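The structure is shown first.

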Amino acid sequence: MEQCEPKKYDPTFKGPIYNRGCTDIVCCILFIICILGYVAVGILAWSQGDPRKVIYPTDSRGQFCGQAGTPLETKPLLFYFNIMKCASPMVLLEFQCPTTQMCVEKCPDKFMTLLKAYANKEDFKYYKNFCKEGLEGLTVTQILSSGLCPAMLTPSKPFTRRCFPALGQKKGGEITVGNNSKFDDGEGNIRDAKDLVAGVKNATVVIEARQVAMKIFEDYTQSWYWILIGLVIAMLISLLFIVLLRFLAGIMVWVMIVMVILVIGYGIFHCSMEYVSLKSEAGSNVTLKDLGFQTDFSVYLHIRQTWLAFIIILAIVEVVIILLLIFLRNRILIAIALIKEASRAIGYVMSALFYPLFTFALLSIVIAYWAVTAVFLSTSNQPIYKVFNETACDHSRKICEPANFSTSSMKAECPDSKCLFAFYGGETVYHKYLIGLQFYNVFLFFWCANFVTALGQMTLAGAFASYYWALVKPDDMPAFPIFSSLGRSLRYHTGSLAFGSLILSIIQIIRVLLEYIDHKLQGTQNKCTKFLLCCLKCCFWCLEKFIKFINRNAYIMVAIYGKNFCTSAKDAFFLLMRNMIRVAVLDKVTDFLLFLGKLLIVGLVGIFAFFFFSGRVKAFENTAPNLHYYWVPILTVVVGSYLIAHGFFSVYAMCVDTLFLCFLEDLERNDGSAERPYLMSDRLLKVLNKKNKPEPAE
């Protein structure tokens with residue numbers, strides 16, 4: 001094939017091309033149109049949505065409790081007339097508890113029944129705070145039958161802006177409410193406090209979680225500056241590790257290889273000892289074929305043939321590794337030299353280490369826009385009211401209108417029914433296509449996020465390619481490689497970035513749909529469907545990994561040559577296929593070194609944080625802050641250290657990949673003559689046993 005042939009020498013090529021044109025213009029225009037549509041969806045969602053539906057609890061009339069500028073501004077809490085009618089806190093949070101709900105200023109703090117409060121003027125005045133209007137001239141029976149007041153009040157505490165009974169527990173395990181184990185339900189019955197648990201059985205767990213959250217917040221206020229110091233230390237160690245890779249990469253790689261060989265050798269020795277020790281044990285000479293399949297896998301460990309199989313497998317692996325070392329030693333040396341060269345390149349382009357901050361800022365904007373739009377879209381429905389009834393009723397859970405419900409046929413057929421707010425929905429054209437707008441929001445989120453990531457990869461590739469192809473470093477490099485590369489990428493290759501990220505986004509959205517279908521089919525017993533779905537998920541996972549690999553290398557070629565995405569992807573793919581073994585060796589060696597670096601940084605900073613915050617070291621006893629949970633800052637420092645190390649090493653990995661492609665191009669374009677000298681470093685020339693010929697004397 002023509003594509004598989006090495007590229008011919010081009011005397012005009014001097015590294016990243018500066019006189020280039022726009023690529024993939026159609027995809028660029030499509031991306032801009034989609035972005036404008038995304039903005040339009042956001043404006044539509046912001047005009048129709050109402051986040052107050054998430055922030056504020058809603059009473060039975062669909063009004064927001066505590067909303068500023070309304071009569072309910074001073075009533076931020078939601079009170080339930082009869083909490084025992086609620087099956088679980090989830091029902092409460094979904095606003096579908098079959099009891100009247102109203103906004104109140106404070107939760108009740110005492111036991112009281114309507115019957116007793118009605119006989120006392122002061123008590124009834126207090127009781128009215130938890131009743132609807134229109135009580136004048138009505139008897140207790142009329143008030144209760146009209147549903148204007150609850151039959152009883154119990155001491156309650158606010159949680160998530162809702163009043164829950166103040167449940168407690170005595171030493172013997174007896175449930176109490178307001179320090180009493182029994183209460184009057186307002187209907188002449190004395191009931192146990194445990195009867196309230198059915199309505200709030202999980203609320204106490206959540207309350208405890210809230211208390212833990214408050215303690216965690218206090219720990220952060222006490223230790224935030226020490227956490228920052230730990231993250232700064234992680235950043236400095238990351239920088240130091242990248243610098244040291246220039247000198248220690250070779251040692252670390254060979255130590256890794258020796259350790260793998262020794263571990264496998266120890267495994268062979270251990271299996272041999274087990275094989276010999278089972279010689280005298282009865283029944284150990286049974287073959288695996290005679291034993292058959294056993295659910296208890298420990299049975300196989302008592303068979304000599306099992307350990308013999310382990311010995312053979314490990315011996316084969318050992319021989320394969322040794323043979324690979326013998327035949328691939330030169331390629332391993334090339335990988336080590338490229339890794340060292342990457343450290344030198346970063347030394348010339350130090351600003352690249354801080355470019356992930358720019359990517360992080362852009363991703364934060366994309367995520368924030370998606371999240372806000374999703375919230376507004378999900379809260380742009382209209383209030384829906386349904387019939388709630390305690391007894392059997394044909395109209396139960398049907399949609400109703402609260403304005404005329406008292407005179408409707410539903411009320412006539414079900415006298416004790418109520419028309420209460422249930423949830424938010426709608427039947428308009430906008431509401432019918434709301435799921436489509438949510439899907440568009442998710443798809444554009446993937447597209448924009450992948451575009452930002454692709455922009456970072458192409459920008460870094462252009463900067464590091466300018467380093468490799470510079471004949472005299474840094475004189476032949478741009479003054480500001482990162483800014484120069486970023487400008488070229490946005491000016492000429494927005495379409496190529498959009499094209500590559502679009503392909504990846506389509507695959508990712510298909511994976512999301514497959515996960516959604518899998519979630520919906522979890523209750524089914526169709527094994528064929530499950531198997532097919534599992535295969536599809538596996539295939540698209542592999543496809544996503546492959547597309548990410550192709551995109552990454554395509555962006556490098558776009559940054560160097562300025563060609564369109566498809567041509568660059570094709571050139572990168574065939575260039576890598578012509579050097580498959582080098583690609584595999586370099587990829588695994590780099591992965592190991594970066595993994596080792598992350599492990600080292602997270603381990604060092606994590607150990608330091610543990611001994612500091614736990615007070616295990618006497619020197620830090622008076623310096624360390626007093627905390628409720630010392631693991632909070634430790635975990636924060638560990639996670640933050642990993643993210644910092646990942647940010648630095650992602651730049652390093654991009655540098656290695658870029659230099660590797662440039663190295664392969666250099667080998668195919670040049671031959672070391674005075675007219676076509678190699679531009680690789682002297683170290684790489686030495687590893688390859690190549691050298692540049694001096695110019696002939698005049």
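## Surface and overall composition

The accessible surface of the chain comes to about 38,000 Å², and carbon and sulfur atoms account for 65% of it. The model is a predicted one. Of the 698 residues in the chain, 43% are buried.

The secondary structure of the chain consists of 21 helices and twelve strands. Among the contacts in the chain with a separation of 6 or more, 70% are between residues 24 or more positions apart.

Rolling a probe the size of a water molecule over the atoms shows where empty space is left. The count of cavities of 30 Å³ or more comes to two. The volume of the largest cavity is about 100 Å³.

Twelve residues line the largest cavity, and those nearest its centre are Phe79, Tyr80, Phe81, Ile83 and Thr154. By class, the lining comprises nine nonpolar and three polar residues, with no charged residues.

## Strands β5 and β6

Strand β5 (residues 156-159) runs antiparallel to β6, and four bridges join the two. Within this pairing, Lys157 has Phe164 of β6 as its bridge partner. The hairpin formed by β5 and β6 has two residues between the strands, and Thr160 there takes a positive phi near 50°. Most residues other than glycine have a negative phi, and most peptide bonds are trans.

In a regular strand the side chains alternate between the two faces of the sheet. In β6, Arg162 and Phe164 point one way, whereas Cys163 and Pro165 point the other way. These four residues of β6 are all buried.

## A positive phi at Asp24

Asp24 is not a glycine, yet its phi is positive, at about 50°. This residue belongs to the segment before α1 (25-48). Is Asp24 buried or exposed? Asp24 has a relative accessible area of 18%, which is under the 20% cut-off, and therefore counts as buried.

Helix α10 (residues 304-348) contains Ser343. Ser343 counts as buried because its relative accessibility is 5%. Which residues is Ser343 in contact with, leaving aside its neighbours within four places in sequence? The contacts of Ser343 are Ile242, Leu245, Arg246 and Tyr652.

Phe443 is located in helix α14 (residues 434-468). With a relative accessible area of 16%, which is under 20%, Phe443 is likewise classed as buried. Not counting residues up to four places away in sequence, Phe443 touches Leu502, Ser505, Ile506 and Ile509.

Note on methods. Residues numbered from 1 in each chain as written. Predicted model: local features only at pLDDT ≥ 70, side-chain atom pairs only at ≥ 80, totals over all residues. Heavy atoms only, no water. 1 Å grid on protein atoms, 1.4 Å probe; cavity = no way out; pocket = protein on both sides within 12 Å on 5 of 7 lines; lining within 4 Å. Points joined across faces, edges and corners; volume = space filled by probe spheres on them. Nonpolar A, V, L, I, M, F, W, Y, C, P; charged D, E, K, R; others polar. Buried < 20%, exposed > 50% of the residue type's maximum accessible area, 1.4 Å probe, protein only. Contact = heavy atoms within 4.5 Å. Areas by Shrake-Rupley, 256 points an atom, 1.4 Å probe, with all protein chains shown as cover. Pairing = 2+ DSSP bridges.
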